[in-house]
Amino acid sequence: MAPILVIGYGNTLRSDDGAGPKVAEAFSAQENVRAIATHQLTPELAEDLIQAKQVYFVDAAPVKQVTLQRIHLQDYQETFSHFVTPQGLLKLIKHLYQRPLPEAYFLLIPAENFTIGETFSDLTQAGVLKAIALLQARIKLCG
């Protein structure tokens, strides 16, 4: 398994919301990287997470610029919900496998249009390119 895992998630039929999968697809053939483009996070991803040294959860969000932030589990309050969060996945692998967690990050891409469609707004298109460049630089540093 590759030491770096990129999980891009979002609905590719909801315009800017498809930015996460688009970024993940850019790394599908990259050496030392496992890239997963998915509609949503699921517990089955735990198996991929335990084999990675670093993981990047890439998603579209109503932010002003591409944002990279470390995920800290001590800040996470678990609540009942019908969807899986990055923190929830990390807590799951910590509980089930009792192994060291990978270094985990949110990579948020600016988004403003979540209507039905398959094209990105200019803001999100620029964010996708910046996110890919940022990840390329981080991967190069780790390699």
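User: Where is Gln98 found?
Analyst: Gln98 is in the loop between helix H3 (86-97) and strand S5 (103-110). Helices (H or I, at least four residues) and strands (E, at least two) are DSSP runs, numbered from the N terminus. This is a predicted model, so local features need pLDDT of at least 70 and side-chain atom pairs pLDDT 80 or more, while totals for chains, interfaces and linings use all residues. Residues are numbered from 1 along each chain as its sequence is written, and side-chain values use heavy atoms, with hydrogens and water left out.

User: Is Gln98 buried or exposed?
Analyst: Exposed: the relative accessible area of Gln98 is 69%. Buried is under 20%, exposed is over 50%, and partly exposed is in between (1.4 Å probe, protein chains only).

User: What about phi of Gln98?
Analyst: Positive, about 45 degrees, although Gln98 is not a glycine. Most residues other than glycine have a negative phi. Ser15 also has a positive phi, near 50 degrees.

User: Where does Ser15 sit?
Analyst: Ser15 lies in the loop between strand S1 (4-9) and helix H1 (19-25). Ser15 is buried, at 3% relative accessible area.

User: What does the side chain of Ser15 reach?
Analyst: The backbone oxygen of Thr115, at 2.8 Å.

User: Which residues is Ser15 in contact with, leaving aside neighbours within four places?
Analyst: Asn113, Thr115, Ile116, Gly117, Thr119 and Phe120. Contact means heavy atoms within 4.5 Å.

User: Switching to the sheet. What is the strand order?
Analyst: S2-S1-S3-S5-S4, an open sheet of 5 strands with mixed pairing. The edge strands are S2 and strand S4 (67-70), and each pairs on one side only. Twist averages 20 degrees from one strand to the next. Two strands pair if DSSP finds at least two bridges between them.

User: How many bridges between S1 and S2?
Analyst: 6, in the parallel sense; S2 covers residues 33-38. S1 also pairs in the parallel sense with strand S3 (residues 54-61), over 5 bridges. Take Ile7: its bridge partner in S2 is Ile36, and Ile7 stands opposite Phe57 in S3.

User: Which helix packs on the sheet and touches S4?
Analyst: Helix H4 (residues 122-142), touching S1, S2, S3, S4 and S5. H4 makes about 155 degrees with the direction of S5. H3 lies across S1, S3 and S5, at about 165 degrees to S5. Axes are lines fitted to C-alpha atoms, for helices over the stretch in contact; angles run from 0 to 180 degrees between N-to-C directions.

User: And salt bridges, how many?
Analyst: The structure holds 1. Arg34 and Asp48 meet through their side chains at 3.1 Å, N to O. Arg34 is in strand S2 and Asp48 is in helix H2 (residues 46-49), 14 residues apart. The cut-off is a side-chain nitrogen of Lys or Arg within 4 Å of a carboxyl oxygen of Asp or Glu.

User: Why does Asp48 count as buried?
Analyst: Because its relative accessibility is 13%. Arg34 is partly exposed, at 32%.

Key
A polar contact is a pair of N or O atoms within 3.5 Å; within protein, one must be able to donate a hydrogen and the other to accept it, and residues adjacent in sequence count only if both atoms are side-chain atoms.
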